[in-house]
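Please look at the sequence and the model below, and keep both in view while reading this report. The headings that follow take up a sheet, a loop and a helix in turn.

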Amino acid sequence: MDGVLYPRQKSMYEYLKMHCGYIDNYDVLFTTSNFWASKNDVYRKNMTSIENLYSNFPPDMKDVELLQELSEKYDIIYITARPEAVELTTLEYLKRYNYPNPTNVIFSQDKIKDIRVAGCEWYVEDRLEFARELKKFTNVILKLQPWNRAARNEFKNVIFSLQELRSIL
């Protein structure tokens with residue numbers, strides 16, 4: 001979900017600017033930033049437990065409408081590596097903004113296994129470690145982000161925005 005349906009990274013960026021004194025721009029934070037690289041795993045884990053980082057930005061309603069349209073032809077399944085602590089927040093977010101099939105969510109510790117078990121024909125992903133492995137099992141659509149742009153030529157299907165799904169599916 002994050003990076004594809006929800007701008008959690010943007011939310012984290014705004015939080016870090018406001019509360020932690022981060023001053024570089026968004027692209028730098030998630031590509032070459034010493035700020036993020038210098039933080040230990042405990043710090044990063046604590047960041048993922050801040051609940052409002054998973055719900056304080058509304059979605060682009062054109063994306064929600066597109067997913068509603070696509071749900072007439074495809075089964076929409078949300079498979080996310082979001083932590084257990086934000087499951088309720090995630091479900092409420094999907095319902096609040098009228099995403100199709102808002103209860104069809106798998107909170108996964110092993111996305112690859114869960115995507116294979118669910119039989120996903122298509123999967124939209126922005127994290128390279130998952131996208132590279134998943135393309136062995138399904139049709140991966142890479143949603144471009146600052147942290148994955150260098151690998152865009154590795155994928156047949158690449159989008160900047162969800163609206164481009166119409167041209168692929």
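## Terms and model

Two strands count as paired if DSSP finds at least two bridges between them, and the strands (E, at least two residues) and helices (H or I, at least four residues) are themselves DSSP runs, numbered from the N terminus. Strands of a sheet pair through backbone hydrogen bonds, either parallel or antiparallel.

This is a predicted model, in which local features need pLDDT of at least 70 and side-chain atom pairs count only at pLDDT 80 or more, whereas totals for chains, interfaces and linings use all residues. Residues are numbered from 1 along each chain as its sequence is written, and side-chain values use heavy atoms, with hydrogens and water left out.

## The sheet

Three strands form an open sheet in the order E3-E4-E5, with parallel pairing. Strand E3 (122-125) and strand E5 (157-159) stand at the edges with a single partner strand each, so one side of each has no neighbour in the sheet. From one strand to the next, the twist averages 25 degrees, where axes are lines fitted to C-alpha atoms and angles run from 0 to 180 degrees between N-to-C directions.

E3 is joined to the parallel strand E4 (residues 139-143) by 4 bridges; in E4, Ile141 is the bridge partner of Val124, and Asn139 stands opposite Trp122. The chain passes from E3 to E4 through helix H8 (residues 128-134), in a β-α-β crossover that is right-handed, meaning that, with the strands pointing away from the viewer, the path from the first strand over the helix to the second runs clockwise.

## A buried loop residue

Asn148 lies in the loop between E4 and E5, and this residue is buried, with a relative accessible area of 0%; buried means under 20% relative accessible area, exposed over 50%, and partly exposed in between, with a 1.4 Å probe and protein chains only. Leaving aside residues up to four places away in sequence, Asn148 touches Asp126, Leu128, Leu142 and Lys143, where contact means heavy atoms within 4.5 Å.

## Helix H5

In helix H5 (residues 61-70), the buried residues are Asp63, Val64, Leu66, Leu67 and Leu70. They cover an arc of only 160 degrees around the axis, which puts them on the same side of H5; the arc is that of the directions from the helix axis to the C-beta atoms. The buried residues of H5 pack against helix H9 (165-168).
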